[in-house]
Amino acid sequence: MNKHFSIRRSCPCCKSTRSATLCKIGYTEPLMKEYLDSFYSPLGEGVEFEYLEGSYYILNECKDCGLIYQEEIPNEFLMLKLYEQWIDPQVILEEHKNNRNARHFVWVAKEIANVIQYFDTIPGQLNFLDLGMGWGEWCLMAKGLGCDVYGTEISQARIDYAKASGIKVVSWEEIPNHQFDFINTEQVFEHLADPLETLVHLKRALKPDGVIRINVPNGWDIKRRLEIWDWKAPVGSENSLNLIAPFQHINCYTYEVLVKMGQRAGLEVVVIPDQFKTTCLEDRVKAITKRYYNRLRPGRRRRRGKGTRVFFRNSIG
């Protein structure tokens, strides 16, 4: 066993020990080594393969809840290597800035406005937390709409950037010292070693009837992609395996898996209506076209968009 990896011997969502192995390949085997080198080299210093000797990319499927997860995952030392060296934060920041257009920020603002409307109170009375805040854009948008906002991160570069932007940052240990109306987690739970324990930890910081939003990549057809086994497929393409990217996307969810995890944590699914629908003619035409297309090809509806989003309410208090 490589000392830089930890082994998850049970499902991180439901703790079941009943699983089936979908694939197993050494990280230094040619196919995986070529993929890792091509993926990470443009992002920073590139992978140092001496840290991966004797370790395996093992993908399991839980027989009880259905989660697909990586069995061997990087420990704290290797995670620091990954996010501070193999991936250069400055490279990611520049990419982040260059890929955010006005439409993106309108979408973020609309999502936050829907949450504010759901609580039916003035924004200044709402306390929000963004878990895995990245570069803090969600926090800044919620703050701009009048909410009291906190953020948390593991990357020191992102923490420093957020603080310089005026965002209040809390540590993981400090989270339960607060009581939040709403906790946002955008593209976070696919990265977590212990997603169920994280959800329980966050629940302690929720007010009665407070809400947690989880949004993750949708893994509904990952088995089909595994059969094709094309690690060179571009990110976002139909056959891309980025949903189960080594080291990063260590959990692959469907909507049903998320719901089961939330219920296990003592949460219940809640619907937050879209109160601020766009009036842009172009978007309305696209929506109508999509509905018509889905009627012609019903199987396409299973995609549920590019992500799987669930809102959970703290009904127990």
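Is E50 buried or exposed? With a relative accessible area of 54%, E50 is exposed, where exposed denotes over 50% relative accessible area, buried under 20%, and partly exposed the range in between (1.4 Å probe, protein chains only). The model is a predicted one, in which local features need pLDDT of at least 70 and side-chain atom pairs count only at pLDDT 80 or more, while totals for chains, interfaces and linings use all residues. Residues are numbered from 1 along each chain as its sequence is written, and side-chain values use heavy atoms, with hydrogens and water left out.

The secondary structure of the protein chain comprises 10 helices and 13 strands; helices (H or I, at least four residues) and strands (E, at least two) are DSSP runs numbered from the N terminus. Of the 317 residues in the protein chain, 48% are buried. The chain exposes about 16,000 Å², and carbon and sulfur atoms supply 51% of this area, as computed by the Shrake-Rupley method with a 1.4 Å probe; for residues, only the protein chains shown count as cover. Contacts were defined by heavy atoms within 4.5 Å. Among contacts between residues at least 6 apart in sequence, 75% join residues at least 24 apart.

E50 is located in the loop between helix 1 (30-40) and strand 3 (56-62). The C-alpha atoms of E50 and T28 are 8.9 Å apart, although the two residues are separated by 22 residues in sequence. Y40, by contrast, lies in helix 1 and counts as buried, at 1% relative accessibility. Leaving aside residues up to four places away in sequence, Y40 touches G46, V47, L82, W86, I87, P246, F247 and Q248. For L82, which is 42 residues from Y40 along the chain, the C-alpha separation is 9.3 Å. With Q248, the side chain of Y40 forms a polar contact of 3.0 Å. Such a contact is a pair of N or O atoms within 3.5 Å; within protein, one atom must be able to donate a hydrogen and the other to accept it, and residues adjacent in sequence count only if both atoms are side-chain atoms.

The structure holds 0 disulfides, a disulfide being a pair of cysteine sulfur atoms within 2.5 Å. For C11, which is in no disulfide, the nearest cysteine sulfur is that of C65, 3.6 Å away. C11 is buried, with a relative accessible area of 0%. C147 is likewise buried, with a relative accessible area of 6%.

An open sheet is formed by 7 strands in the order 8-7-6-9-10-13-12, with mixed pairing; two strands pair if DSSP finds at least two bridges between them. Strand 8 (168-169) and strand 12 (268-270) stand at the edges, and because each has a single partner strand, one side of each is left without a neighbour in the sheet. Strand 12 pairs with strand 13 (residues 307-313) in the antiparallel sense over 3 bridges, and E268 stands opposite R313 in strand 13. Helix 9 (residues 255-264) packs on the sheet, where it touches strand 10 (206-217), strand 12 and strand 13. The direction of helix 9 makes about 20 degrees with that of strand 13; axes are lines fitted to C-alpha atoms, for helices over the stretch in contact, and angles run from 0 to 180 degrees between N-to-C directions.

Elsewhere in the sheet, strand 6 (residues 127-131) and strand 7 pair in the parallel sense over 5 bridges. Within this pair, N127 stands opposite D148 and L131 stands opposite T152. Strand 6 is largely enclosed by the rest of the structure, because 4 of its 5 residues are buried. Strand 7 (residues 148-152) is mostly covered, with 4 of its 5 residues buried.

Two loop residues were examined for backbone geometry. Most residues other than glycine have a negative phi. K15, although not a glycine, has a positive phi of about 70 degrees. This residue lies in the loop between strand 1 (5-7) and strand 2 (19-26) and is partly exposed, with a relative accessible area of 31%. Q187, also not a glycine, has a positive phi of about 55 degrees. Q187 is placed in the loop between strand 9 (180-186) and helix 7 (195-203) and, at 32% relative accessibility, counts as partly exposed.
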